[in-house]
Amino acid sequence: GADKNAPNQDGYTPLSIAASNGHVKVVRFLMVKGADQNAPNQDGVTPLLVAAANGHLPVVRFLVEKGADITAKTNTGQTALDVAKGAVATLLREAPAKRAAADKAAARLLYEDSIKEEKRLMEERAARQRGIQEAEVRAMQVEALNKVQEERARQEEEGRVRQEQENVEWAETLRKQKEEAEKILTEKKAEEARKADKAKEERLQREKAKKDADKKNKEDEKARKAAEKLAAEDVKLAAAADRARQRALEEQAEQQRAEKAAAASNAAVEKFAAEKPARDQAAAVKVAAEQAAAEQAAVQQAAAVEKAAANKANQAKKAEAKIAQKKAEEEDASQIKAAEEASLKKRDQKAAESAAAAERAAAAHQRLPAPILAPTAPPHPSNLSPASGPPAAGGVGVKCEPRACAICGCQGLLVSPDPGSPEIGRCESCSEVVRASERDARNAPPA
């Protein structure tokens, strides 16, 4: 609502101030809002002149394009061209010619627009004339149509009267025909009702017979499936019993092999303990303890195998007894089957543990070298002493001493078996075997 042309104390309007600062967007905004582009101050300075004096080419171009007065003079007689320089002066010098050309083009467009307007008016007058003629033709057509419609209405009224008379006669005829048809239809409906009742009764009888047959077939099918299921359960239980017996036999064989391995291991340990020197008694005790643990594990495994075999035999007997039970005990049979599978899994686990124990016993037995007769005569008891051990020369024995193991780098004590063995001993830490070549090299007399 503010006055867009209100000057300040120096007489400059907002448009002049924006032009002097080169704010072309503000100038465009003020002119859109209706600011006077030729409003001078008290000295006669217009916005175009102040923009030209400050060299603001975009503002000058915009004001010239919008029709600002290029020839406006100040109170001292100066125009915008007088104060302009450079491109601004060039633009102002060329502006009159461009404006004249633009005015000429505008006049030509105005002339062309006037010709088009005159042509449009002539076309409108011709269209109005055609409309008047078409209206007269339509009026004549409406009058003729009204006459035709009146004649058609008269004829339709006469026809309607004749049709009403014919309709009355036809209605009477239809009434009589309808009465006869209703009579025939009533009789026909009664007959159809009797036939429908009879058909319904026959259909109900057929459905009842079909339901009875379906029920019987379902019962027969159910009985057949139950018999097949019982037979399948019999086969499965028999197979399970056979597997249980076979596994019991395998477990017995495994137990016998474990017992043989334990007996062999015990014999080796006893023989080794009997022939072992007194200084190696601690090692023998350790080996015997390991062997005793292995034997105890083997005994426990054998007991577990026997227990599993007994459980398997009991389960087989229970399975055979379950074959003769009724259909209502199928759930108990499934529970027995689940228990059987759990027992088999437990038995397999125990068998695996037994095998592992047997392997450990075999490994312990392998760590104990079998005694072999020495190639030379055994040493005389006088040549041996508890303090010095076997003599250093003669190849009948070697003194056990710590040394660095070639495998683990430890300083384990070498435990000597039989002096005539190709092995001189094993490392207590990693069981490295010391061969006879090393023993002879170490026992060779100094040069």
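**View 1. Surroundings of Ala39.** Leaving aside neighbours within four places in sequence, Ala39 is in contact with Thr13, Ser16, Val45, Thr46 and Pro47, where contact means heavy atoms within 4.5 Å. Ala39 is placed in the loop between helix 2 and helix 3; helices (H or I, at least four residues) and strands (E, at least two) are DSSP runs, numbered from the N terminus. With a relative accessible area of 10%, Ala39 is buried; buried means under 20% relative accessible area, exposed over 50%, and partly exposed in between (1.4 Å probe, protein chains only). Along the chain, Ala39 and Leu15 are 24 residues apart, and their C-alpha atoms are separated by 8.6 Å. The model is predicted: local features need pLDDT of at least 70 and side-chain atom pairs count only at pLDDT 80 or more, while totals for chains, interfaces and linings use all residues. Residues are numbered from 1 along each chain as its sequence is written, and side-chain values use heavy atoms, with hydrogens and water left out.

**View 2. The protein as a whole.** The protein has nine helices and three strands. From the N terminus on, its elements run α-α-α-α-α-α-α-α-β-β-β-α. Of the 447 residues in the protein, 25% are buried. Among contacts with a separation of 6 or more, 59% join residues 24 or more positions apart. The protein exposes about 30600 Å², of which carbon and sulfur atoms supply 56%; accessible areas come from the Shrake-Rupley method with a 1.4 Å probe, and for residues only the protein chains shown count as cover.

**View 3. The largest nonpolar core and helix 4.** A nonpolar core is a set of buried Ala, Val, Leu, Ile, Met, Phe, Trp, Tyr and Cys residues joined through side-chain atoms within 4.5 Å. The largest such core has 27 residues, of which Val27, Leu48, Ala52, Val60, Leu63, Val64 and Leu92 touch the most other members. Two or more residues of this core come from each of helix 1 (14–20), helix 2 (24–32), helix 3 (47–53), helix 4 (57–65) and helix 6. In helix 4, the residues Val59, Val60, Phe62, Leu63 and Val64 are buried. Not counting residues up to four places away in sequence, Val64 touches Leu48, Ile70, Leu92, Ala95 and Arg99. Gly67, which follows helix 4, has a positive phi, near 95°.

**View 4. Thr79 in its loop.** Thr79 lies between helix 4 and helix 5 (80–83), in the loop. Its relative accessible area is 13%, so Thr79 is buried. Apart from neighbours within four places in sequence, Thr79 is in contact with Leu49, Ile70, Thr71, Ala72 and Lys73.

**View 5. Gln315 on helix 7.** Gln315 is found in helix 7 and counts as buried because its relative accessibility is 17%. Beyond neighbours within four places in sequence, Gln315 is in contact with Ala339, Glu340 and Ser343.

View 6. A cavity is a set of points, on a 1 Å grid over the protein atoms alone, where a 1.4 Å probe fits but cannot get out, and lining residues have an atom within 4 Å of a point. The structure holds three cavities of 30 Å³ or more. The largest cavity contains about 60 Å³ of space, a volume being the space filled by probe spheres set on the points. Helix 6 (86–275), helix 7 (281–323) and helix 8 (330–367) each supply at least two lining residues, and helix 7 gives the largest share, four residues. Lining residues include Ala258, Gln291, Glu295 and Ala361.

How values were computed: On a 1 Å grid over the protein atoms alone, a cavity is a set of points where a 1.4 Å probe fits but cannot get out, and a pocket is an open set with protein on both sides within 12 Å along at least five of seven lines; lining residues have an atom within 4 Å of a point.
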